[in-house]
Amino acid sequence: MSVKERAGEIGASLTMEHALLVVFVGTSIYMFVGAFEFSQDAAIFPWFTTGVVIVFGVLLLLRSVLPEPLRRFVADDVDVFETGTEEYEPDDEDGVGEAADGETGDGEGSVRNGASVTGGLCLGYLVGSYLVGMLWVTPLFVLAYTVWRDRPRYAIVGLTVLSFLIAFVFYSVLNLPVEEGLIQELVL
């Protein structure tokens with residue numbers, strides 16, 4: 001097999017999950033290195049959290065080449081980008097049927113759609129956090145995600161409020177400027 005054929009094979013097997021993992025690992029490496037500017041006491045938390053993301057992100061990226069015991073530890077049969085289980089109504093004689101929302105019963109379209117929406121929301125969260133601050137974008141991300149997943153209203157409101165409270169506790173306890181973004185820095 002030539003290098004060009006192998007590269008084409010690898011390119012065809014890459015998914016949105018791989019892209020998201022690369023973004024997470026890359027961002028974590030950047031934050032890990034950036035934490036060296038902090039005092040040693042202040043850098044412990046970022047080093048620990050980003051170190052965990054780096055280790056497990058790399059394990060997930062390399063799961064296809066890991067030894068079997070380690071692969072079982074990181075591999076999961078569930079696709080994280082699935083949009084949920086569809087209810088199928090077998091309305092024809094072969095029993096295949098269609099999804100309740102009119103999609104075909106194979107689920108492939110919903111998985112691709114889920115990957116696109118999840119990736120778009122994560123990208124929007126990163127860009128929004130950079131521009132206006134993580135404190136304000138976190139509840140908007142949770143609101144958008146829970147509405148997209150068609151959760152009950154009480155869950156949407158509760159999770160959105162909870163996400164803001166968690167971000168606010170993070171802001172107040174660690175005293176980090178997560179409420180500020182690039183736009184605020186440029187304007188003020």
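## Briefing on a predicted helical model

Val-161 is partly exposed, with a relative accessible area of 46% (buried means under 20%, exposed over 50%, and partly exposed in between, with a 1.4 Å probe and protein chains only). This residue is found in helix H7, and its C-alpha atom is separated by 9.2 Å from that of Leu-143, 18 residues apart along the chain. The model is predicted, so local features need pLDDT of at least 70 and side-chain atom pairs count only at pLDDT 80 or more, while totals for chains, interfaces and linings use all residues. Residues are numbered from 1 along each chain as its sequence is written, and side-chain values use heavy atoms, with hydrogens and water left out.

**Overall build**

- The protein has eight helices and two strands (DSSP runs numbered from the N terminus, H or I of at least four residues for helices and E of at least two for strands), and along the sequence they follow the pattern α-α-α-α-β-β-α-α-α-α.
- Of the 188 residues of the protein, 23% count as buried.
- Among contacts (heavy atoms within 4.5 Å) between residues at least 6 apart in sequence, 53% join residues at least 24 apart.

**Helix H3**

- Helix H3, residues 40-61, has 22 residues and reaches 30 Å from its first C-alpha to its last, close to the 32 Å expected at 1.5 Å a residue (the expected span is 1.5 Å times one less than the number of residues).
- Its buried residues are Ala-43, Pro-46, Thr-50, Ile-54, Gly-57 and Leu-59, and they pack against helix H2 (16-34) and helix H4 (68-74).

**The largest pocket**

- The largest pocket has a volume of about 1,600 Å³, and of the 32 residues that line this pocket, the closest to its centre are Met-31, Met-134, Phe-170, Leu-176 and Val-178.
- On a 1 Å grid over the protein atoms alone, a pocket is an open set of points where a 1.4 Å probe fits, with protein on both sides within 12 Å along at least five of seven lines, and lining residues have an atom within 4 Å of a point; the volume is the space filled by probe spheres set on the points, which are joined across faces, edges and corners.
- At least two lining residues each come from H2, H3, helix H5 (108-132), helix H6 (134-148), helix H7 (153-174) and helix H8 (182-187).

**A loop residue**

- Asp-150, in the loop between H6 and H7, has a positive phi of about 60 degrees although it is not a glycine, and Asp-150 is exposed, with a relative accessible area of 66%.
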